[in-house]
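Student: I am new to this one. Please show it to me, and let me ask about the labels.

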Amino acid sequence: MPQMAPISWLSLFLIFTVSFILFCILNYYSYIPTSPKSSNLKTSSLNSMNWKW
């Protein structure tokens, strides 16, 4: 079984590292959070203050 030269291990490591970083960056910026509507936010905050003991 032939052995790989150290430069090929280094190039493989760099290729996989760069592809992993790009994958993480694309996943981070592709997620768009939905902002809650102001009316829903007001009603939920008002309802949360009504304690039922």
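Student: What makes the nonpolar surface patch?

Tutor: Phe-20, Ile-21, Ile-25, Tyr-28 and Tyr-29 make a patch of about 620 Å². Nonpolar side chains (Val, Leu, Ile, Met, Phe, Trp, Tyr) are joined within 5 Å, like charges within 9 Å. Areas come from the Shrake-Rupley method with a 1.4 Å probe. This is a predicted model: local features need pLDDT of at least 70, side-chain atom pairs count only at pLDDT 80 or more, and totals for chains, interfaces and linings use all residues. Residues are numbered from 1 along each chain, and side-chain values use heavy atoms, without hydrogens and water.

Student: Why is Tyr-28 called exposed?

Tutor: Exposed means over 50% relative accessible area, buried under 20%, partly exposed in between. Tyr-28 has 61%, so Tyr-28 counts as exposed. Tyr-29, at 63%, is exposed too.

Student: Why is the pair of Tyr-28 and Tyr-29 called edge-to-face?

Tutor: The structure holds 1 aromatic pair. The ring centres of Tyr-28 and Tyr-29 are 5.0 Å apart and the planes stand at 85°, so the pair is edge-to-face. Rings of Phe, Tyr and Trp (its six-membered ring) pair with centres within 6.5 Å; planes under 30 degrees apart are stacked, over 60 edge-to-face, the rest tilted.

Student: Which helix holds Tyr-28?

Tutor: Tyr-28 lies in helix α1, residues 6–30. Helices are DSSP runs (H or I) of at least four residues, strands (E) of at least two. The chain has 2 helices and 0 strands.

Key. Patches are made of residues with over 30% relative accessible area and no salt bridge: like charges are joined within 9 Å, nonpolar side chains (Val, Leu, Ile, Met, Phe, Trp, Tyr) within 5 Å. A salt bridge is a side-chain nitrogen of Lys or Arg within 4 Å of a carboxyl oxygen of Asp or Glu. Buried means under 20% relative accessible area, exposed over 50%, partly exposed in between (1.4 Å probe, protein chains only).
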